[in-house]
Amino acid sequence: MSALARKIGQGLWLAPSWFLIGGVRLYQFFLSPIFGRQCRFQPTCSHYFIGAVRKYGAVSGAWRGVLRICRCHPFHPGGYDPP
């Protein structure tokens, strides 16, 4: 397999992760300032989501991020929770 084909294959493999991280970055820059920064956790849920996608991949990381977002509500104490 040539080096070019390997790079193309790696880019296609990582594309879902880039898409998810890009969506979270758009949220951070455009919607988060409007809604206000109210996350109960450290790191914030959006930073956790990005870290989980980078660490575990697109599917498992996104699932862990969604579960974390579901835990971010007024009845949960929050606190330090790294990916």
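Helices here are DSSP runs of H or I with at least four residues, numbered from the N terminus. Ala58 has its place in helix α3. Please note that this is a predicted model, in which local features need pLDDT of at least 70 and side-chain atom pairs count only at pLDDT 80 or more, while totals for chains, interfaces and linings use all residues. Residues are numbered from 1 along each chain as its sequence is written, and side-chain values use heavy atoms, with hydrogens and water left out.

Ala58 is buried, at a relative accessible area of 18%; buried means under 20% and exposed over 50%, with a 1.4 Å probe and protein chains only. Contact means heavy atoms within 4.5 Å. Leaving aside residues up to four places away in sequence, Ala58 touches Pro16, Ser17, Leu20 and Val53. Between the C-alpha atoms of Ala58 and Ile21 there are 9.2 Å, although these residues lie 37 residues apart along the chain.

Which residues of α3 are buried? They are Ala58, Gly61, Ala62, Gly65 and Arg68. They span an arc of only 120° around the axis, which places them on the same side of α3; the arc is taken from the directions from the helix axis to the C-beta atoms. On the other side of α3, Val59, Trp63 and Cys70 are exposed.

Finally, α2, residues 45-56, packs with α3 at an angle of about 155°, their axes 7 Å apart. The two helices, α2 and α3, are therefore roughly antiparallel, a term for angles over 145 degrees.

How values were computed:
Axes are lines fitted to C-alpha atoms, for helices over the stretch in contact, and angles run from 0 to 180 degrees between N-to-C directions. Angles under 35 degrees count as roughly parallel, over 145 as roughly antiparallel, 65 to 115 as roughly perpendicular and the rest as oblique.
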